[in-house]
Amino acid sequence: MRVPLSIGIGKRTLDLLGEATGAVIENPFDKVFYWLIAPGSAAGWDMSALPSVQVWGATAYIEVPSVDSRRGPGVRWRVPPRDDRHLTDPTVLLAALKIATSAALGPREEAHR
């Protein structure tokens, strides 16, 4: 998941997730956070409710920092991977993203299928 920092969605999502978050990569150049979720777990999401968030698939290129990169000017771990959890539960992440997006952009109306 590619989530922007510039409009507050990324930081708010991280705050909402708290200890429920898995690993998070921060790219300060692009001003984004990347949450890692299981492949295909966001396939059924209605992205109309999350207009600034992008689901990146298996063919996407994401720069992954070394395990000890937590500071400095480049890409780094905002939340480093842990032995017990590196992926974020997609259901919990989706709920946090919806709340954070609504706070940043106002309420979103989901498309009905």
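I'll start with the ring pairs and then turn to the strands. Keep in mind that this is a predicted model.

First, the rings. A pair of aromatic rings is described by the distance of the centres and the angle of the planes. How many aromatic pairs does a search of the whole structure find? Two.

Take Phe 33 and Trp 35. Phe 33 and Trp 35 are both buried.

Now Tyr 34 and Trp 56. Here the centres are 5.5 Å apart, with 55 degrees between the planes. Why is this pair tilted? Because stacked needs under 30 degrees and edge-to-face needs over 60, and the planes here are at 55 degrees.

This pair links distant parts of the chain. Tyr 34 sits in strand 3, while Trp 56 is in the loop between strand 3 and strand 4. They are 22 residues apart. Tyr 34 is buried, at 5% relative accessible area. Trp 56 has 30%, so it counts as partly exposed.

On to strand 3, residues 32–35. Both of its faces are covered. Val 32 and Tyr 34 are buried on one side, Phe 33 and Trp 35 on the other.

What does strand 3 pair with? Strand 1 joins it through three bridges, antiparallel. Strand 2 joins it through four, also antiparallel. Look at Phe 33 again: Val 3 is a bridge partner, and so is Glu 26.

Last stop, the hairpin of strand 2 and strand 3. Four residues lie between the strands, and Lys 31 takes a positive phi near 60 degrees.

Key
Residues are numbered from 1 along each chain as its sequence is written. This is a predicted model: local features need pLDDT of at least 70, side-chain atom pairs count only at pLDDT 80 or more; totals for chains, interfaces and linings use all residues. Side-chain values use heavy atoms; hydrogens and water are left out. Rings of Phe, Tyr and Trp (its six-membered ring) pair if their centres lie within 6.5 Å; planes under 30 degrees apart count as stacked, over 60 as edge-to-face and the rest as tilted. Buried means under 20% relative accessible area, exposed over 50%, partly exposed in between (1.4 Å probe, protein chains only). Helices (H or I, at least four residues) and strands (E, at least two) are DSSP runs, numbered from the N terminus. Two strands pair if DSSP finds at least two bridges between them.
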